[in-house]
Amino acid sequence: MCCSIHQQDPSVVLCLQCRKPLCESCANRFAVAHCQDCMRRYGDAYRRDNLRTLALSLILLLCGFGAAELLFRLDPSIFHPCSSIFVSVWTGYVIGGIPIGSRLFDVWLKGRTVEDNNSAQALIRWWPIKIFVCMMIGIALSPWMALRFTKDLWAWSKNSRTSDP
Ligand SMILES: [Zn+2]
Ligand SMILES: [Zn+2]
């Protein structure tokens, strides 16, 4: 069999996803034996997931900000009487961090072995713990992740603009 991209080269492996034959150089292009099309599909799916996470975070950020601001106006004694804007921004930030934390937590879980995975999943089946863990991860990593997503999207939009005929 010959490579599906380089007709003159013999194939050494099949794409793990779509079973297309790949030559030596095609097989070694990515860490796993995947053809270009499957890799692009993965990239698109990954970008879509990140975009969804980021959008959800922004919506929750605004909701958290709005809710805290409203509560503060209704009864300022609910919070410690420091600046209401600070409390509102912080509340929004904490709530907005949950989707990012949850995404990173899922990625981390998928990398575990089966046994680890089971025990971790048994622990987080109690959803308040899961939300708390995701919140903590989100608070710590949200700014960094937001920056990375934005950079990713920027590079992607620049690429798609230059590759258009
Ligand atoms: Zn493929
Ligand atoms: Zn090839």
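**Exercise 1.** Is R19 buried or exposed?

*Solution.* The model is a predicted one, in which local features need pLDDT of at least 70, side-chain atom pairs count only at pLDDT 80 or more, and totals for chains, interfaces and linings use all residues. Residues are numbered from 1 along each chain as its sequence is written, while chains are lettered from A and ligands numbered from 1 in the order in which they are written. Begin with the criterion: with C-beta atoms placed from the backbone, a residue is buried if 20 or more other C-beta atoms lie within 10 Å of its own, exposed if 12 or fewer, and partly exposed in between. R19 has 10 other C-beta atoms within 10 Å and is therefore exposed. Next, locate R19, which sits in the loop between β1 (13-14) and β2 (21-22). Finally, inspect the backbone, where phi of R19 is near 65 degrees, a positive value in a residue other than glycine.

**Exercise 2.** Work out in what order the elements of the protein run.

*Solution.* Helices (H or I, at least four residues) and strands (E, at least two) are taken as DSSP runs, numbered from the N terminus. Counting them gives five helices and two strands, and from the N terminus on the order is β-β-α-α-α-α-α.

**Exercise 3.** Identify which residues make up the largest nonpolar core.

*Solution.* A nonpolar core is a set of buried Ala, Val, Leu, Ile, Met, Phe, Trp, Tyr and Cys residues joined through C-beta atoms within 7 Å. The largest such core has nine residues, namely L60, L61, F65, A68, V87, I95, I98, C134 and I137. At least two of its residues come from each of α2 (36-74), α3 (84-110) and α5 (127-163), and α2 supplies the largest share, four residues. A second, separate core has six residues, among them C3, C15, L22 and C35. V87 and E69 are 18 residues apart in sequence, yet their C-alpha atoms are 8.0 Å apart in space. Over the whole protein of 165 residues, 19% count as buried.

**Exercise 4.** Determine at what angle α2 and α3 pack.

*Solution.* With axes fitted to C-alpha atoms over the stretch in contact, and angles running from 0 to 180 degrees between N-to-C directions, α2 and α3 pack at about 150 degrees, their axes 7 Å apart. Angles under 35 degrees count as roughly parallel, over 145 as roughly antiparallel, 65 to 115 as roughly perpendicular and the rest as oblique, and α2 and α3 are therefore roughly antiparallel to each other.
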